[in-house]
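Please keep the sequence and the structure in view while reading.

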Amino acid sequence: MRIIIAIDILDGKCVRLTRGDYGTKKIYNEDPLEAAKLIEGSGLKYLHLVDLDGAKNKRIINSKVLERISVKTNLTIDFGEESDLMTT
């Protein structure tokens, strides 16, 4: 079985939205790299990283977050703004 953890990024932070409502964001971690390292440290290998700023603006916004995580971890990452995902 492959377990894939998702991190949603909004304003550079790890968040969750209720039913996709940006007004309901709850911040879970200020630093996505820290969250990714915790995921990797638990033995998981895959990360689904969603650029919510990108989804809202219809263009990739959080590429720097992707770059930091991909350089500083060995995770396999799916990245995109909801419907436009790419794998690194």
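## Confidence

The model is predicted, and the protein has a mean pLDDT of 90, with 91% of its residues at 70 or more. Confidence is highest in helix α1 (residues 32–41), at a mean of 97, and lowest in strand β6 (residues 84–87), at a mean of 46. Where pLDDT is low, predicted coordinates should not be read in detail.

## Nonpolar core

The largest nonpolar core has 15 residues, and those with the most contacts inside it are Ile 7, Ile 9, Leu 47, Leu 49, Ile 69, Leu 75 and Ile 77. Two or more residues are given to this core by each of the elements β1 (4–10), α1, β4 (46–51), α3 (63–72) and β5 (76–81), with α1 providing the largest share, four residues. In soluble globular proteins, nonpolar side chains tend to be buried together.

Ile 69 illustrates how such contacts reach across the chain: when residues up to four places away in sequence are not counted, Ile 69 touches Pro 32, Leu 33, Ala 36, Leu 47, Leu 49 and Ile 77.

## Asn 29, a buried polar residue

Asn 29 lies in strand β3 (residues 21–29) and counts as buried because its relative accessible area is 14%, under the 20% cut-off. Leaving aside neighbours within four places in sequence, Asn 29 is in contact with Lys 13, Cys 14, Glu 34 and Ala 35. The side chains of Asn 29 and Glu 34 are joined by a polar contact of 3.4 Å, while the C-alpha atoms of Asn 29 and Lys 13, which are 16 residues apart along the chain, are separated by 6.2 Å.

## Positive phi in two loops

Asp 11, in the loop between β1 and β2 (13–18), has a positive phi of about 55° although it is not a glycine. Arg 19, found in the loop between β2 and β3, likewise has a positive phi, near 50°, and is a residue other than glycine.

## Aromatic rings

The structure holds zero aromatic pairs. A ring does, however, take part in a contact with a charge, as Arg 2 lies over the face of Tyr 46, at 4.3 Å from the ring centre.

Terms used
Residues numbered from 1 in each chain as written. Predicted model: local features only at pLDDT ≥ 70, side-chain atom pairs only at ≥ 80, totals over all residues. Heavy atoms only, no water. pLDDT = per-residue confidence, 0-100. Phe/Tyr/Trp six-rings, centres within 6.5 Å; stacked < 30°, edge-to-face > 60°. Lys NZ or Arg CZ within 6 Å of the ring centre and 35° of its normal. Buried < 20%, exposed > 50% of the residue type's maximum accessible area, 1.4 Å probe, protein only. Contact = heavy atoms within 4.5 Å. Polar contact = N/O pair within 3.5 Å; in protein donor to acceptor, adjacent residues only side chain to side chain. Core = buried A, V, L, I, M, F, W, Y, C linked by side-chain atoms within 4.5 Å.
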